[in-house]
Amino acid sequence: MTAMDVMHPEIQDGCTRRTVLITSAAGVVAATLPLAGGAAPAADTAQVAPLAELTLRINGQPHSLTVDPRVTLLDLLREHLHLTGAKKGCDHGQCGACTVMVNGRRINSCLTLAVMHDGDAVTTIEGLGDPKKLHPMQAAFVKHDGYQCGYCTPGQICSAVGMLDEMRRGMPSHVTRDIAVRPLFSDEELRERMSGNICRCAGYPNIIAAIREVVEKTAGAAA
Ligand code: FES
Ligand code: FES
């Protein structure tokens with residue numbers, strides 16, 4: 001051991017803390033400087049997703065589409081096909097404003113990618129009825145003032161139509177344990193089954209009254 005080693009005990013194989021720091025700093029500077037000769041920096045390497053082809057039947061009409069595979073069903077309907085009935089409320093499955101029916105079942109269209117529905121049949125509020133020939137659920141919402149601002153209404157109506165079909169097919173509600181203690185068509189049961197559709201205007205009593213009318217008419221027609 002030399003006198004120098006005693007004064008600088010970190011020296012190992014000719015390498016000091018200072019030389020390590022200087023070498024590292026030089027590396028960082030070199031990495032951030034433009035390349036010699038003015039060469040351009042490396043090109044942006046972000047990948048673009050390849051487009052996907054799909055066929056959907058929307059409100060009875062076939063559509064062949066080429067879309068970015070990251071597009072949600074809601075954005076496909078609204079931005080690509082200009083079917084703006086389904087609304088974007090929260091865009092993450094909390095409000096139900098985007099509810100449509102796929103193969104007869106209600107879903108939140110903001111939570112599903114369009115490419116997952118190749119070959120499926122989609123029904124939006126535009127496909128349920130029109131001003132000259134309203135769907136019975138649409139007519140009941142009008143009759144009972146089941147809306148105020150109307151933003152949630154397309155989702156409420158699609159959800160109600162899907163819900164009644166679920167009840168006819170005997171599908172349990174989300175709180176299955178309660179079904180034994182709750183009459184099938186009680187207001188409580190209807191509210192539970194519609195709980196995925198939020199109305200910021202709080203038009204719930206009128207919404208339930210509208211749904212109840214359709215339930216009773218349907219039950220009367222079936223009797
Ligand atoms: S926009 Fe889809 S649940 Fe709110
Ligand atoms: S009617 Fe306004 S949010 Fe429901």
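Predicted model: local features only at pLDDT ≥ 70, side-chain atom pairs only at ≥ 80, totals over all residues.

Residues are numbered from 1 along each chain as its sequence is written, chains are lettered from A and ligands numbered from 1 in the order in which they are written, and side-chain values use heavy atoms, with hydrogens and water left out.

**Stop one: helix H5.** Select residues 136-143, which make up H5 (helices are DSSP runs of H or I, at least four residues, numbered from the N terminus). Met 137, Gln 138, Ala 140 and Phe 141 are buried here (buried is under 20% relative accessible area, exposed over 50%, partly exposed in between, with a 1.4 Å probe and protein chains only). Look down the axis: the buried residues of H5 fall within an arc of 160 degrees, so they line one face of the helix (the arc is that of the directions from the helix axis to the C-beta atoms). Pro 136 and Lys 143, on the other side of H5, are exposed.

**Stop two: Glu 166.** Pick Glu 166 in helix H6, residues 153-168. Is Glu 166 buried or exposed? Its relative accessibility is 10%, so Glu 166 counts as buried. Now show Arg 106: its side chain makes a polar contact with that of Glu 166, at 2.8 Å (a pair of N or O atoms within 3.5 Å; within protein, one must be able to donate a hydrogen and the other to accept it, and residues adjacent in sequence count only if both atoms are side-chain atoms). Their C-alpha atoms are separated by 9.2 Å.

Notes:
Helix = DSSP H or I, 4+ residues; strand = E, 2+ residues; numbered from the N terminus.
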